[in-house]
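Please look over the structure shown here before reading the notes on its nonpolar cores and its charged pairs.

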Amino acid sequence: MKKFLSTALFVTLLCSAGFSQWTYEAAWPDTNYKGGTHGIAVDPDGKVWTSSYYQNNWIAPDTVKTCPIFVFNPDGSLLNTLYTVTTGAVTDTLKGRNRGLSVAADGDILYVQSGPSRIIKINYQTLQGAARHDITEVGSSPTKAASSSDGTIYVGPVVGGGTTAIATYDKDLNYLGNAVTGPAN
């Protein structure tokens with residue numbers, strides 16, 4: 001019991017020391033931005049990309065629920081709101097739930113959604129789709145993508161086990177194979 005209490009006291013003190021390093025300055029970008037951020041990424045130009053997990057009636061009330069991507073300038077001013085992304089001749093409405101945003105090795109933004117499960121690579125300079133792939137390889141709802149320095153992109157499942165896998169893709173989102181099959185639950 002003494003060991004447990006000593007450990008709990010140590011952890012409490014450590015946490016309070018860690019939190020003391022942060023100073024609240026203000027809401028970013030402002031107090032109008034609210035709710036459910038499930039992905040955030042900063043591109044090479046310093047623009048901040050963010051999207052909510054929760055769908056809302058962003059386009060037309062009671063018509064199309066989407067999870068748009070908000071692109072902010074480094075100073076916090078809104079640059080653009082992406083409700084759709086066009087890749088070649090295909091336009092995707094961002095109505096699936098955002099599962100995460102990340103930065104690819106080349107600086108482009110990787111947007112992963114579920115329902116339908118899809119990854120979209122967005123050119124961070126033009127805000128246009130650079131590549132897209134309907135994800136069927138992970139066996140579950142996908143999570144945020146990760147990218148290695150050689151450009152390989154990795155997407156895993158929210159819940160592992162069974163037929164799930166961590167899938168790998170090249171920089172153009174062509175499926176390369178599985179890095180791991182059936183990660184633990």
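The report below turns to the nonpolar cores and then to the salt bridges.

## Nonpolar cores

In this predicted model, the largest nonpolar core has 15 residues, and W49, I69, L101, I109, Y111 and I122 are those with the most contacts inside it. Three strands, β5 (69-72), β10 (109-114) and β11 (118-122), each supply at least two residues of this core. A second, separate core of 13 residues includes L110, V138, I153 and V155.

## Salt bridges

The structure holds eight salt bridges, and one of them joins D43 to K47, with the closest N and O atoms 3.0 Å apart. Both D43 and K47 are buried.

## A network of charged residues

R132 and D92 form a salt bridge in which the closest N and O atoms are 2.7 Å apart; because R132 lies in strand β12 (residues 129-134) and D92 in strand β8 (residues 90-93), the pair ties together parts that are 40 residues apart in sequence. R132 counts as partly exposed at 26% relative accessibility, whereas D92 is buried, with a relative accessible area of 5%.

D134 and R118 also meet through their side chains in a salt bridge (2.6 Å, N to O), and since D134 lies in strand β12 and R118 in strand β11, this pair ties together parts 16 residues apart in sequence. D134 counts as partly exposed at 37% relative accessibility, while R118, at 11%, counts as buried. Salt bridges that share partners join D92, R118, R132 and D134 into one network.

Methods: Residues are numbered from 1 along each chain as its sequence is written. This is a predicted model: local features need pLDDT of at least 70, side-chain atom pairs count only at pLDDT 80 or more; totals for chains, interfaces and linings use all residues. Side-chain values use heavy atoms; hydrogens and water are left out. A nonpolar core is a set of buried Ala, Val, Leu, Ile, Met, Phe, Trp, Tyr and Cys residues joined through side-chain atoms within 4.5 Å. Buried means under 20% relative accessible area, exposed over 50%, partly exposed in between (1.4 Å probe, protein chains only). Helices (H or I, at least four residues) and strands (E, at least two) are DSSP runs, numbered from the N terminus. A salt bridge is a side-chain nitrogen of Lys or Arg within 4 Å of a carboxyl oxygen of Asp or Glu.
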